[in-house]
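Here is a short briefing to read alongside the model. Please keep the sequence and the 3D view open as you go.

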Amino acid sequence: MSALSLCASTSGGGRGLLRSLCWSLWELPRGVGSRTLPLQQHSRLLGSGNWGLWAAREGAGSAAPAVTRTLSTYAELCEQAVREPQVFWGRLARDTLVWDTPYHTVKDCDFSQGKISWFLGGQLNVSVNCLDQHVQKSPDRVALIWERDEPGTEVKITYRELLETTCRLANTLKKHGVRRGDRVAIYMPVSPLAAAAMLACARIGAVHTVVFAGFSAESLAGRINDAKCKVVITYNQGVRGGRIIELKKIVDEAVKNCPTVKHVLVAQRTDNKIHMGKLDVPLEEEMAKENPVCAPEIMDSEDVLFMLYTSGSTGKPKGLVHTQAGYLLYAAVTHKHVFDFRQGDVFGCVADIGWITGHSYVVYGPLCNGATSVLFESTPVYPNAGRYWETVERLKINQFYGAPTAVRVLLNYGDVWVKKYDRSSLRTLGSVGEPINQEAWEWLYKVVGDSKCTLVDTWWQTETGGICIAPRPSEEGAKIIPGMAMRPFFGITPVLIDEKGKVIEGGDVSGALCISQAWPGMARTIYGDHQRFIDAYFKVYPGHYFSGDGAYRTEDGYYQITGRMDDVINISGHRLGTAEIEDALANHPAVPETAVIGYPHDIKGEAACAFIVLKDDIDNPDIILKELKSIVATKIAKYAVPDQILVVKRLPKTRSGKVMRRLLRKIVTDSTQDMGDITTLEDPSVISEILKAYQKHKDKLSAS
């Protein structure tokens with residue numbers, strides 16, 4: 001399939017893994033190094049002759065120091081990453097990425113000023129790292145497999161085809177006035193053209209901001225205006241779960257209030273005709289006129305690569321800024337080592353590209369590593385609950401990375417849909433988005449993975465750029481504790497801090513999860529408001545990055561995420577993560593989903609309220625409620641038993657599957673007159689549905 005036709009289409013922690021990381025850290029460059037040879041499309045990749053000087057500035061000199069050469073264990077690598085970050089990350093950057101100009105300084109960071117800079121003086125192009133270098137070596141290797149909404153209609157795109165598509169799109173952007181530093185909004189569902197749009201922006205030095213193709217027109221307009229986007233790229237329509245999504249109509253509504261938008265580039269996902277206005281440009285037609293070669297813009301390491309908006313509990317969405325080299329390096333290295341990626345693997349992350357997981361582990365990390373990455377357009381239950389596992393069988397996926405919410409939904413359908421399909425290709429299973437409860441973990445491990453796959457529960461954020469805590473990498477044969485993220489990634493230095501701002505030492509302790517040392521993948525600022533960036537992440541606990549999450553550390557030094565700090569309840573002086581109560585409730589076989597929030601209590605200070613979804617075949621919910629209280633009392637303590645347990649048909653979820661607990665808190669605290677931003681909800685009608693159920697619940701309590 002040609003590059004242009006694909007755009008127009010409408011129809012374990014083993015020794016080998018450790019050795020591969022050691023090799024990339026130990027091997028010294030020969031000349032300009034095997035990863036920095038000149039490329040046909042990028043003639044300026046010739047070395048400058050400064051590599052020896054560069055190594056010396058890293059503290060390496062002309063030969064590897066003895067301490068580096070003799071590193072042989074995971075513990076020693078961890079220690080070096082913390083003790084000598086310049087050496088550790090400097091060598092990984094040199095040997096992992098394709099550079100135009102070597103950097104002169106590995107890092108310059110100061111948390112007190114929110115200053116994060118890596119690989120200063122270095123120059124490169126991200127699209128060259130993700131495409132050109134692989135086209136030079138293996139042009140016909142499959143880069144992307146588009147698992148379209150319609151089962152069995154997947155489309156495979158090689159690295160050569162993806163490069164050609166990217167270049168045509170990049171030239172189209174330039175023709176329509178997009179220049180280095182300009183912002184481009186991408187409002188598209190998961191597709192090869194969406195990935196190419198991101199890479200096209202990277203190629204010409206434009207800044208992309210991907211907006212999830214499901215946000216309302218108002219939400220889209222807010223992001224476009226905050227970023228001052230010059231161009232929007234979208235489809236005529238989207239297709240998901242057998243339903244048509246009117247993307248172009250949403251964009252039309254949004255850009256009415258976006259004065260900076262000069263053009264809307266419209267691709268065709270369906271054959272349906274749509275209205276084309278004066279701003280609209282038929283994308284495939286324009287791309288067909290363009291050259292399939294586009295010279296890459298040479299970018300400084302700290303130039304902006306993309307912005308991604310994330311909502312907080314208060315205030316407008318934050319446009320988090322990620323830059324070129326540090327982000328790409330961290331995404332690639334974590335992708336390789338957390339998931340045990342090996343050349344030839346088919347990597348299946350089912351996240352949408354509108355979220356950071358899709359950026360790091362669908363597009364940038366896998367493509368930088370030369371992987372075959374799956375683009376999953378559909379839903380886990382379309383056309384039935386076997387969709388994920390049928391896809392695994394058909395595409396022979398080796399790593400599967402999904403969300404606990406989807407796992408819990410599928411668990412409710414039983415094992416038959418899983419066991420119907422051959423999953424023997426799977427080697428690693430991953431969980432992302434929120435802490436995974438014990439029952440979901442066990443089901444994913446035992447049923448989906450046949451107790452043979454490594455299961456990595458990963459903790460990270462939009463702000464971190466990539467995975468920060470996960471069970472792998474590790475020493476060979478090291479244990480994995482169910483439902484626990486466990487081990488900090490190389491160079492990540494987590495600390496727990498108490499309410500008084502004091503670092504908590506030892507094990508069997510809980511506190512605010514912070515990180516005391518900078519890493520390359522972290523966000524650099526909030527677009528247009530650096531002070532907000534400082535206030536949100538570095539001011540609360542000076543000298544540390546504050547994640548906003550709470551965590552528990554075991555006696556062995558492993559970490560378990562307990563949930564957002566605003567989801568930690570203080571019941572009669574006992575601090576308790578709502579995730580812990582949720583985990584207990586979810587152990588009941590009749591409860592596929594639950595969400596717990598805290599609310600003010602006259603005597604206890606705070607009390608817990610649980611919203612639960614019951615399986616359809618439950619005849620007597622009152623018996624279940626009694627059993628749930630008993631489970632919480634037994635598994636945690638009597639004080640942890642929710643004062644209220646409300647049965648609902650469904651929970652308020654974002655389109656990425658996260659439960660919006662703040663909305664539940666507003667319902668329970670009678671604060672519904674100001675619900676805040678609800679544009680991220682998959683279905684806003686769920687609010688009135690839960691309000692009615694809660695009113696009924698209150699009336700029942702009053703009557704009794």
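Lys-228 sits in the loop between helix H10 (217–227) and strand S8 (231–235); helices here are DSSP runs of H or I with at least four residues, strands are DSSP runs of E with at least two, and both are numbered from the N terminus. Its phi is near 55°, a positive value in a residue other than glycine. Lys-228 is partly exposed, at a relative accessible area of 48%, where buried means under 20%, exposed over 50% and partly exposed in between (1.4 Å probe, protein chains only).

This is a predicted model, in which local features need pLDDT of at least 70 and side-chain atom pairs count only at pLDDT 80 or more, while totals for chains, interfaces and linings use all residues. Residues are numbered from 1 along each chain as its sequence is written, and side-chain values use heavy atoms, with hydrogens and water left out.

**Backbone features in loops**

- Ser-451 is another residue to look at: its phi is near 60°, a positive value in a residue other than glycine.
- You will find Ser-451 in the loop between H18 and strand S20 (454–457), and at 38% relative accessibility it counts as partly exposed.
- The peptide bond from Tyr-382 to Pro-383 is cis, with omega near 0°, and Pro-383 belongs to the loop between strand S17 (372–376) and helix H15 (387–395).
- Arg-472 and Pro-473 are also joined by a cis peptide bond, with omega about 5°; Pro-473 is in the loop between strand S21 (469–470) and strand S22 (487–488).

**A buried loop residue**

- Ala-523 lies in the loop between strand S25 (509–515) and strand S26 (525–526), and at 2% relative accessibility it counts as buried.
- Setting aside neighbours within four places in sequence, Ala-523 is in contact with Ile-116, Leu-320, Val-321, His-322, Glu-463 and Phe-533; contact means heavy atoms within 4.5 Å.
- The C-alpha atoms of Ala-523 and Tyr-327 are separated by 8.2 Å, although the two residues are 196 residues apart along the chain.

**Helix H16 against helix H18**

- Helix H16 (residues 404–411) packs on helix H18 (residues 438–448) at an angle of about 75°, with the axes 10 Å apart; axes are lines fitted to C-alpha atoms, for helices over the stretch in contact, and angles run from 0 to 180 degrees between N-to-C directions.
- That angle makes H16 roughly perpendicular to H18, since angles under 35 degrees count as roughly parallel, over 145 as roughly antiparallel, 65 to 115 as roughly perpendicular and the rest as oblique.
- From H16, Val-407, Arg-408, Leu-410 and Leu-411 meet Glu-439, Ala-440, Trp-443 and Leu-444 of H18.
- By class, this contact has 6 nonpolar, no polar and 2 charged residues, with Ala, Val, Leu, Ile, Met, Phe, Trp, Tyr, Cys and Pro counted as nonpolar, Asp, Glu, Lys and Arg as charged, and the others, Gly among them, as polar.

**Helix H9 against helix H14**

- The axes of helix H9 (residues 192–204) and helix H14 (residues 356–368) come within 11 Å and cross at roughly 60°, so H9 and H14 are oblique to each other.
- Ala-195, Met-198, Leu-199 and Ala-202 of H9 make the contact with His-359, Val-363, Tyr-364 and Leu-367 of H14.
- The residues of this contact divide into 7 nonpolar, 1 polar and no charged.

**The chain as a whole**

- The protein chain holds 23 helices and 33 strands.
- Of its 704 residues, 60% count as buried.
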